[in-house]
Amino acid sequence: MAATVSSSILVMNAHNPHIQRLKQSGCRLTNARLTVLSVLEAEHGHITSADVLDKVARVNPAIGRASVFRTLDLFTQLGIVRPTYIDTSSTPTYVLMDGGHHHHVICSDCNRVFEFDDCGLESLTSNLEATLNVQINGHLLEFYGRCGDCLALASADTGATST
Ligand SMILES: [Zn+2]
Ligand SMILES: [Zn+2]
Ligand SMILES: [Zn+2]
């Protein structure tokens, strides 16, 4: 298992957008950074910091806790990942921001997460940049609601009971 992740570091090339982002920001491609990135990519994001620690330790036990946390902070700062707080747990789940954005619809009853790609937020982004005088590098969008299954359950419930 560990071998799979280590060898995927070698496969990562200069065209990897996250590696380009690191280089553009003048960050050295340290072993810790590449290992954390390969762990995140193997999971397609959606991984808690505890799991990142665990997996990094299996690949390379020499990389310490502190440097994993520093790397996650750096990646967050650069917009490579964002911490999210799905499941109301207190530890964040890190999500890889492919293309600078990431989108969820979350069922507030069963916590099922739907992913979608097209957000159509280009004009809102440029409006915000103009009105707030900021440069926007990405966004994480989360809609909350009820999934089809939970809606069906809810309507079955209201059919069966009078409450
Ligand atoms: Zn649901
Ligand atoms: Zn996601
Ligand atoms: Zn988007």
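Helices and strands here are DSSP runs, numbered from the N terminus, with at least four residues (H or I) for a helix and at least two (E) for a strand.

**Figure 1. The whole chain, taken from a predicted model.** Counting this way, the protein has seven helices and six strands. Walk along the sequence and you get α-α-α-β-α-α-β-β-β-β-α-β-α. Of the 163 residues, 16% are buried. Among contacts with a separation of 6 or more, 58% link residues 24 or more positions apart.

**Figure 2. Where helix α3 meets helix α5.** Two packed helices are described by the angle between their axes and the distance between the axes. For α3 (residues 31–42) and α5 (residues 65–77), the angle is about 70 degrees and the axes sit 10 Å apart. Angles of 65 to 115 degrees count as roughly perpendicular, so that is the label for α3 and α5. On the α3 side, the contact uses Ala-32, Arg-33 and Val-36; α5 brings Ser-67, Val-68, Thr-71 and Leu-72. Sorted by type, the residues of this contact are four nonpolar, two polar and one charged.

**Figure 3. The largest nonpolar core.** This core has 17 residues, and those with the most contacts inside it are Val-36, Leu-40, Val-52, Val-56, Leu-72, Val-81 and Tyr-94. At least two core residues come from each of α3, α4 (49–59), α5 and β3 (93–96). Helix α3 gives the largest share, five residues. Zoom in on Val-36 and, leaving out residues up to four places away in sequence, you'll find it touching Val-52, Val-56, Val-68, Thr-71 and Leu-72.

**Figure 4. The three-stranded open sheet.** Strands of a sheet pair through backbone hydrogen bonds, either parallel or antiparallel. Here the strand order is β5-β4-β6, and the pairing is mixed. At the edges are β5 (113–115) and β6 (139–145), each pairing on one side only. From one strand to the next, the twist averages 25 degrees. Strand β4 (residues 101–107) runs antiparallel to β5, and three bridges join the two. For a landmark in this pairing, look for Val-105, whose bridge partner in β5 is Phe-114.

Figure 5. Glu-43 belongs to the loop between α3 and β1 (47–48). It has 17 other C-beta atoms within 10 Å, so Glu-43 is partly exposed. Tyr-85 is in the loop between β2 (81–84) and β3. This tyrosine, Tyr-85, counts as exposed because it has 11 C-beta neighbours inside 10 Å, and the cut-off for exposed is 12 or fewer.

Figure 6. You'll spot Asn-111 in the loop between β4 and β5. With 11 other C-beta atoms within 10 Å, Asn-111 is exposed.

Definitions and conventions. Residues are numbered from 1 along each chain as its sequence is written. Chains are lettered from A and ligands numbered from 1 in the order in which they are written. This is a predicted model: local features need pLDDT of at least 70, side-chain atom pairs count only at pLDDT 80 or more; totals for chains, interfaces and linings use all residues. Axes are lines fitted to C-alpha atoms, for helices over the stretch in contact, and angles run from 0 to 180 degrees between N-to-C directions. Angles under 35 degrees count as roughly parallel, over 145 as roughly antiparallel, 65 to 115 as roughly perpendicular and the rest as oblique. Two residues are in contact if their C-beta atoms, placed from the backbone, lie within 7 Å. Ala, Val, Leu, Ile, Met, Phe, Trp, Tyr, Cys and Pro count as nonpolar, Asp, Glu, Lys and Arg as charged, and the others, Gly among them, as polar. A residue is buried if 20 or more other C-beta atoms lie within 10 Å of its own, exposed if 12 or fewer, and partly exposed in between; C-beta atoms are placed from the backbone. A nonpolar core is a set of buried Ala, Val, Leu, Ile, Met, Phe, Trp, Tyr and Cys residues joined through C-beta atoms within 7 Å. Two strands pair if DSSP finds at least two bridges between them.
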